[in-house]
Structure formats: C-alpha cells, structure tokens
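Welcome! Take a moment to look over the sequence and the 3D picture, and then let us walk through them together.

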Amino acid sequence: RSAPAAPALTEATVAEALRALIADRTGYPADMLGADLDLEADLGVDSIKRVEIVGALRTQLLPQTAKTEAVREAMGPVARARSIAQIAAKFVQVADGLTPAAEAPAPVAAPAPAPAPQTPAPARLSMQDLRQWNARFVMVPQPLADQGPTAPLPAGRHAITDDGTGLAPRLAQALAALGAQADILDPGLSDADLRAALARHDDWAGVFHLAPLAPLATTAAGQPVDWHGAVTRSSRALYTLLSALGPRLTARGDAVVITASALGGAFGFDGAVPANPAAGGAHGLLKAVALEWPAVHCRAVDLAPGLTPEAQVQALLEEAARRTGPAEVGRGPGTRTELLADPRSLAPEAPVAVDLRPGDVVLVTGGARGITAKIALHLAGQVAARFVLMGTQTLPEGPEPADTAAHRDGAAVKAALIARARAAGQTPRPAEIEREWRQIQKTREIRDTLAALTAAGAQADYVACDVRDRAGLTAAIQAIRDRHGRIDGVLHGAGVIEDKLLADKTPDSFENVLRTKTDSAETLALALGLMPGTAEPAGGRPRFVVFFTSVAGRFGNRGQGDYGAANETVSKFARWLQAQPAASATRICAISWGPWDTGAGGMVSPEIKAQFDALGIVPIPPDLGVAALAAELRHGSRAEPEVVWGEGPWARDAARLTATGLTRAAE
C-alpha cells in the first residue's frame, strides 16, 4: 500500500514551521516572530544559522526528497533570504521544482559513533605532541611547468586599474593589438564613482588589477604616507570592480580576472621584502572569488623585480591565457613559480625566540573571549605574567541583575529580559532583547576570563577600546605603557567576520571587515614604535608581536573574500614590518590559523561541519591550538614571518615537495 501523499506546502504552513524552528534556536516565543523581522539584524540569526535552519526545515517538510548536494544547492537562495516571509516564499518556490527520491532506502540504524580522540590536557602537551599533530606549514616556492592548455583572450572590454608606474598603458596597447578594448581606471575613486565609470559600458570581458604594483609611498624616514589609501587601491578597488561586473563576467563563461603584485616574484616566500604589503589583499580576495566563480578564470600573479615592462605585460597575458593551474603564480625572468605548503614542525632544541617571563606585560586584542581568551589562559598557566585584554565591550558597573543572573541558558535569560520589559509596561522587541542578551553574554565571558586568569596566578586587566578608532587605540596603548612601564608582547587577534558571497556583500560590510584588521595593524605598529622613522617608546619596544590571520586569506574560502583580503594584507604587513630596522629586536609573525573547534559539542552545526569535512579541513582542537601558539613564540624563526597552523587540503603538498626533494627538516 502506497504512503499517503504529503500535504501541499503553502507559505503559511512553511512560515509556521519556520517560526517553531527559530523559536527553538533563539529562545524567542513564536508570537514575537513577525513575518517581516530581519533574522540577522533583529534576531542574531546569521547566514550560518540560516543554513542550519533551512536544512532542518527541508528535513521536516520535504522528507521525500533525496538529501543530495543538488538539493542543498537548490536551497541556497532560500538560506540567503532575510525574513520569515521571504524564506517561506522562496522555500515553496524551490520545493515545487524538487523531484522526490524514486526509492527511499529503508532506514538503517547508525553505527555507534567511535569514541572521540582524547586530546591531552594542556599541562601535559609537549613539543612531541605538536610534532605528531604535524599541522605547522610554511609556504615554499616551487618551479611550475609552462605546459597546459591555453585559451584566447576573451573578446570585449577589459578594465585595467592604473598602477602609476606606466604599465597600465603598455598593457592597454597590448590588448588593443589583440583586438580587445581596454579602459584604464583610477583605483583611488570612491566606490560610487568607480561603479559609475563601469556602468558606462556593458561589454566587459575581463579585469587586470594592476594597482597593487604601485610601491608603498613612504616619507624620507621610510614611514608609510597613506596606508589606508594603499589598502583602498589594492583591496577595496578590486571588490568594487568584481561586485559591479560580477553578473556580466560570470555569465560569459570565458571571462578573466588577473591581479598583479610586486611582492618579490614568489609572494614574499623567497625571503623578499614586499614593495607594497597592501598588495596581498587583492590576492586574498581573488582566491575566494575563484571558488565562488568557477566559470571565470582567476589568477594572482606576482612579478619579480628583474622583469622588464615588456616582460611583465607578456607574463600577464600568458597567465590570462593559461586556464589551468594554481590560483597564485609567481613570474620571474624565464620562470614560473607556485607555492606549496611544506610541513615544518618546531623542534624543542631550536633556539628560544621569545621567553615569556614573570611580570611581562602582554597586550591581547580581540576581547577576553573565544580563542584569544583560551590562549591567554594557557600562557597564564605557564608563567605569572600580566595580561591586558582589549575588546570593544564596555563592562557595566556592579553585579548583573538578579533576574538574569539566575540563568545560564540563553533562552532562559531572554525569557527573563522579556518578562522584565513587560513588567515595566514595555512591548519587548526581539532586536532589543537580542542586543541585551549579547551584552550580558559578552560581559559574563569577559568576567569569567579575568577571574580564571587571576586564579591561574596571573594578573589581568581589561581595557575597552575599538581597534578601528586610531586615536582611541593609540591612547589606550600609551595608557597601558604609562601604568605598567612597558609592553613586552602583543597578540593581535581583533577582527570581525561577516561572511557572504561576493554577490551579496555590501560596500559597508566589506569595508568593516577589511579595515578592522588592516587599519588597526598599522596603528598598533606605530604606537609600539615599530614603524620606520618612529622613536623607541619609553619602556622599549615589545619583544614579540603576533598577528592572528586565517587560512581564508592564504588559501581562499567561499563567502570570505573580505576576510581573505584583510588577513592576507596583515600577513604581508607582518613580513614587511619584520624587515624594518625599528623591529630588529622584535619577533613579528602572522599565523594563518585554520578554523578552531570552539563549540561545546564541536562545530557550530552539523551543516557547517559537513562543509569543512567536504573541504578536508579539520578544526583545530583548542588544547593543541593554544600549545601551538606558545611553541611558535618560543621556537619560531624570524626567517618565517608567515606560518600556517591547521590541518587541511594544503597538507597534500607535502608529497609533491618530498618527490622533488625541496622539503626541509624541522629547524
């Protein structure tokens, strides 16, 4: 006997089921969830949580459909909708086009899960544990063969950003000789003006982003004149170009996007000091776009200083024609180079780079929460230092009110806030309740971290400061120095994540993610006296500065183009800064972290964990991550200012390096 047909879906039934799912995950009663509420702005339901909710909605309402990648892909537009009404309408629309599974397999009892591997306790972790983990990598240049299929330059118009060195007009002439049109654009234009210039034509076929080739303008003392502007011309201008031209380029099937830089010919990994570290941001953005736009040929090209202008033009055209190969290619006189990840464990007998001492003053940006809090607590367990934690949250005076302090569960706290508002004769609004709950949650985490640091025998301070505020950050650093006499080390983990595909990314959001990291890195280096031409501050310069960056910048990740641009900019900035005379006694490095497994039960959701699993990226166990940071400080090398910590598909490079004999023993 056949099963009865499932009832037809309507927007009303979908909205009802959706309200129940959202209520369960957020703690808000269903009657407070209006159809037009913005889930992210009003309820804190970000894109990751929406993917999870839509997945649960599909399982609940469409159990007869096959759980295939095609179905998940079809539901993509549903998860990008922002309100209950929009999600319900799109869900019904997509569901109407789905084909039920022909024969649903009989349910099979899942095997008992294997016991989770036991990570050693932090106090027992050793260098041998880290070597067995084998998750530390350094990128190394590798000769890249020239063979491979080529394709003609796509017919149409190509946007060229002006590099200011004279290469843009040379490239435009070469494109004209091939029958293509080219427009040279000013990368310093505002987002609106650049979009207006692009809107004058509709036959765009490609982009050659040459602006990052411009050297970093400096004063006579070597100090950057306009770091903010350099980042604008490298990263923000490319975002604007791709955001505006994306629909045309992705529809063609033969479009090209080429970014160019002068980082030494091997992206700095041959030991070269970048002429303009801001150039790294364009490549970080492009690697994400390459994953989001598979129909567009994307390539980041690093040009060696020995190339003539004619050879530079030829190299760019050749890389535009070569449609296979890595996303990053270095070009030198007669050479092509790719980057491979070389596993390089730290040896316990390696020279001590940084020896953290009792009483040292360590500034930790990024809030007294999350990864930075875990690292500070780990270090506090090793040495009785003073940790100054910096975050944007302002700690309220006095204890938490009793009605919320009685609860730890988020839904219970929100219920208490709703009851408080109603008792005061107010109509509780989800956006206001969510804002209050987040403030309570952050305050609790900060106070818990400060208490834990004190219990571990360390001294702990908290400073409220927005790192995007140049004057405020500069003043805060001076106040720390005035109070404690010096700053011995800095762990700079501040940053924001607002993940969205490039097609959905707004200019304001891109700027927020980008500038939080790039502007604060420069302000920090200036205030610490590490920039060229800056005087040594009272109390001396710090012995170490570690910038927290991400594999999203080093290798690219869908939906993180802005984050990739920010992190690659900071990584190259660390390499450049390490080479400056003012930093000669300071260990400076950028650690490109893989994702940390910070959830109580693992990753944030089964859906997101499945995405990481599909990419072959293994979340970093926190105990190993904090030990990795401590080991990098103690035994890392100044010759390696950019390192990767984490397990992922980049580990496959090791076999190729071994085959060519290029891999090196641990230093």
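A residue is called buried when its relative accessible area is under 20%, exposed when it is over 50%, and partly exposed in between (1.4 Å probe, protein chains only). Of the 667 residues of this chain, 52% count as buried. Keep in mind that this is a predicted model, where local features need pLDDT of at least 70, side-chain atom pairs count only at pLDDT 80 or more, and totals for chains, interfaces and linings use all residues. Residues are numbered from 1 along each chain as its sequence is written, and side-chain values use heavy atoms, with hydrogens and water left out.

**The chain as a whole**

Helices (H or I, at least four residues) and strands (E, at least two) are DSSP runs, numbered from the N terminus. The chain has 23 helices and 15 strands. A contact means heavy atoms within 4.5 Å. Among contacts with a separation of 6 or more, 80% are between residues 24 or more positions apart.

**The nonpolar cores**

A nonpolar core is a set of buried Ala, Val, Leu, Ile, Met, Phe, Trp, Tyr and Cys residues joined through side-chain atoms within 4.5 Å. How many residues does the largest nonpolar core have? It has 78 residues, and those with the most contacts inside it are L363, F547, F573 and L577. Helix 10 (residues 227–252) gives the largest share of this core, with eleven residues. A second, separate core has 43 residues, including A385, A458, A628 and L629. As for L363, leaving out residues up to four places away in sequence, its contacts include V388, M390, I477 and L524.

**Aromatic rings**

Rings of Phe, Tyr and Trp (its six-membered ring) pair if their centres lie within 6.5 Å; planes under 30 degrees apart count as stacked, over 60 as edge-to-face and the rest as tilted. The structure holds eight aromatic pairs, and two of them are set out here.

| Pair | Centre to centre | Angle between planes | Kind |
|---|---|---|---|
| W227 and F573 | 5.0 Å | 50 degrees | tilted |
| F548 and W593 | 5.9 Å | 75 degrees | edge-to-face |

Because W227 lies in helix 10 and F573 in helix 20 (residues 561–578), their pair ties together parts that are 346 residues apart in sequence. W227 counts as buried at 3% relative accessibility, and F573 does too, at 1%. F548 in strand 13 (residues 544–550) and W593 in strand 14 (residues 587–593) are 45 residues apart, and their pair links distant parts of the chain. Both F548 and W593 are buried. One aromatic cluster is formed by W227, F547, F573 and W576.

**Helix 12**

The expected span of a helix is 1.5 Å times one less than its number of residues. Helix 12 (residues 309–321) has 13 residues and should therefore span 18 Å; its end C-alpha atoms are 19 Å apart, which agrees. Which residues of helix 12 are buried? They are Q312, V313, A315, L316, L317, E319, A320 and A321. The cover over these buried residues includes helix 8 (167–177), strand 4 (204–209) and strand 8 (335–343).

**A look at V643**

V643 lies in strand 15 (residues 642–645) and counts as buried, at 2% relative accessibility. Leaving out residues up to four places away in sequence, V643 touches R136, F137, V138, A590, I591, S592 and E632. V643 and S571 are 72 residues apart in sequence and 9.2 Å apart in space, C-alpha to C-alpha.
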